[in-house]
Amino acid sequence: MEFWLLKFCRLLCLALTCPLHLLKLVGLFGMYKRLFPFLAYNITFSYNDKMHQTKRDLFRNVCKFADSDGTLRLLEIGCGSGANFKFYPHGCTVICTDPNPHFEKYLRMSMDANKHLTYDRFVVVSGEDMKDVQDESVGVVVCTLVLCSVRNVQQVLREARRILRTGGAFYFLEHVVSHPSSPTYFFQYVFEPLWFYLGDGCVITRATWKDLEAAGFTELHLKHIEAPEVTKLIRPHIVGYSVK
């Protein structure tokens, strides 16, 4: 009974998203990519307030992955509007990447507000293909709330390992699918088609920890948490870092 209710509700949600699907097919939904950075930038303030301690704890040890001369070079995949900048250590050099060029305006605003960092460049590129970034060129790669919306999680992780120097670390903070027996899973599965469009390709039913476990890092430090005061659909999170 529950299985058929789940399927029926999802089909109903799929039917409601048909107009959005048609807009995407004819190319009109691309206009949303211009609006999405504005929405993401403003949501960032609320999310950072709720996740402030989690992010502080996550990046607390990032300096230990600096080069032998003490320089820390960090690349962020899907930097968006620069929501993580204030959590990075003083003097860190940051390379910003994102597939959406319309984030640049908000990214510059975050750069101006975080002058304790050195900014290398902003590269418009997908996480699956960062060919403009050299092999083993950074000590840290950061990816927060990004693996939910990439097309190929394993390819992004391969690229992260490629550009990390040996001994470097991949830091992550991602919302993930809830346990199948939970009420949250029911709503994630039902509303996923609509969330995909509203979240610019975000998939809320990914078990991203499995991809990290299979990515070939030498160490994996991962915790499952419930994000405080975040909407129930994306409350289950994983947080931690992997060492190459």
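This is a predicted model: local features need pLDDT of at least 70, side-chain atom pairs count only at pLDDT 80 or more; totals for chains, interfaces and linings use all residues.
1. Residues are numbered from 1 along each chain as its sequence is written, and side-chain values use heavy atoms, with hydrogens and water left out.

2. Rings of Phe, Tyr and Trp (its six-membered ring) pair if their centres lie within 6.5 Å; planes under 30 degrees apart are stacked, over 60 edge-to-face and the rest tilted. That rule gives 17 aromatic pairs. Phe 187 and Phe 191 are stacked, because their ring centres are 6.4 Å apart and their planes at 10 degrees. The two sit 4 residues apart in helix 7 (residues 183-198), so about one helical turn separates them.

3. Phe 187 is partly exposed, with a relative accessible area of 39%, and Phe 191 is partly exposed at 34%. (Partly exposed lies between buried, under 20%, and exposed, over 50%, with a 1.4 Å probe and protein chains only.)

4. Elsewhere, ring pairs join Phe 59, Phe 65, Phe 85, Tyr 88, Tyr 119, Tyr 171 and Tyr 241 into a cluster.

5. Do look at the charges over rings (NZ of Lys or CZ of Arg within 6 Å of the ring centre and within 35 degrees of the ring normal). Arg 10 lies over the face of Tyr 189, 4.5 Å from the ring centre. For Arg 161, the charged end sits over the ring of Phe 217, at 5.9 Å from its centre.
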